[in-house]
Amino acid sequence: MYKKPCKHLSFTLLIVPVLILTFFPLNGCGKINIKDMLVKIQDQSANTSGKKDNKQTPKNFKNDEMLNNSYKDTKSEEIMLPDPKLKGIISLEEALKNRRSVREFSGKDLGLDDISQILWAAQGITESKLGFRTAPSAGALYPIEVFVVKSDGFFHYTPNGHKLEKFGSENLKQKLMEASLFQESISTASIVIIVTAIYERTTVKYGERGIRYVHLEAGHVCQNILLQAAALQLGAVPIGAFSDDEVRKALNLPTDHKPLYIIPVGYSK
Ligand SMILES: Cc1cc2nc3c(=O)[nH]c(=O)nc-3n(C[C@H](O)[C@H](O)[C@H](O)COP(=O)(O)O)c2cc1C
């Protein structure tokens, strides 16, 4: 004889799966959680569209307290750089073929045009609305800062406005050379570029993996500099052998800046 299902049983069959799904969502079973994915994508697009929340926004370098404290006794002077050229005499393929580490320089000084071109290649802004740059950056968080040591002083490159901030008039090449196992390419180059990173700008969003991203980004920036130097028929060498602390001391860098690369640039001998 057919028995009508009991009311309690159908209620139980309906409610139990709902309760299980509520408390043990599918991602616990190793499947993709669509909601998490959407949140991530939105988060990513908010970051690249300039609508960053405060927690994730890298500090504007101008307002960076650490940097301002480091150079508080120095009246910083701004130097507007000439516009970068978007066409050169050497193709990308030729620059790739010609790039070679150069450690001996003629002593002839670089002009401001060449310095401008090299700094633009390193971190220049190539998309004015969102501020995207020549080198890619994870989450567009831009943890890399670029400094320049010249015979007439020490400078910070500000991508916004394509300018240099002068932080001192001392020629720091000798001190930097001593901090870098006495590598003479540093003291004989016309200019020395220092690539530093503020890890927190990236790790605040990506955690420990952000450290890897920062190192990858320093590589992008350095290669841009080396290829631009090759395209200008200049010599350059990427230097990684130095004492972080001594470099930081020589340049009076704030403690949150980690020097990652030193790149002497000049006319080859
Ligand atoms: C991460 C890294 C660190 C380096 N450090 C130094 C260095 O401290 N001093 C130096 O003279 N060259 C340094 N170099 C340059 C290498 O010695 C050079 O790239 C290598 O000899 C190959 O020659 P090439 O650059 O002409 O192709 C470094 C290169 C890299 C990628």
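The model is predicted. Helix 9 spans residues 209-231, and helix 5 spans residues 112-123. The two helices pack with their axes 7 Å apart.

**Helix 9 and the residue that follows**
- Helix 9 contains 23 residues and reaches 33 Å from its first C-alpha to its last.
- That reach is close to the 33 Å expected at 1.5 Å a residue.
- Just after helix 9, Q233 adopts a positive phi of about 60°.

**Packing of helix 5 against helix 9**
- The packing angle between helix 5 and helix 9 is about 150°.
- Because angles over 145 degrees count as roughly antiparallel, helix 5 is roughly antiparallel to helix 9.
- Helix 5 and helix 9 cross in a right-handed sense.
- Helix 5 contributes Q117, I118, A121, A122 and Q123 to the contact.
- Helix 9 contributes V221, N224, I225, Q228 and A229.
- By class, this contact comprises six nonpolar and four polar residues, with no charged residues.

**Surroundings of the ligand**
- The residues around the ligand include R100, S101, R103 and Q183.
- V237, P238, I239, G240 and A241 are also among the residues around the ligand.
- By class, the shell around the ligand consists of four nonpolar, three polar and two charged residues.

Technical notes: Residues numbered from 1 in each chain as written. Predicted model: local features only at pLDDT ≥ 70, side-chain atom pairs only at ≥ 80, totals over all residues. Helix = DSSP H or I, 4+ residues; strand = E, 2+ residues; numbered from the N terminus. Expected span 1.5 Å × (residues − 1). Near = placed C-beta within 6 Å. Nonpolar A, V, L, I, M, F, W, Y, C, P; charged D, E, K, R; others polar. Axes fitted to C-alpha atoms, helices over the stretch in contact; angles between N-to-C directions. Parallel < 35°, antiparallel > 145°, perpendicular 65-115°, else oblique. Left-handed = near helix turned anticlockwise from the far one by under 90°. Contact = placed C-beta atoms within 7 Å.
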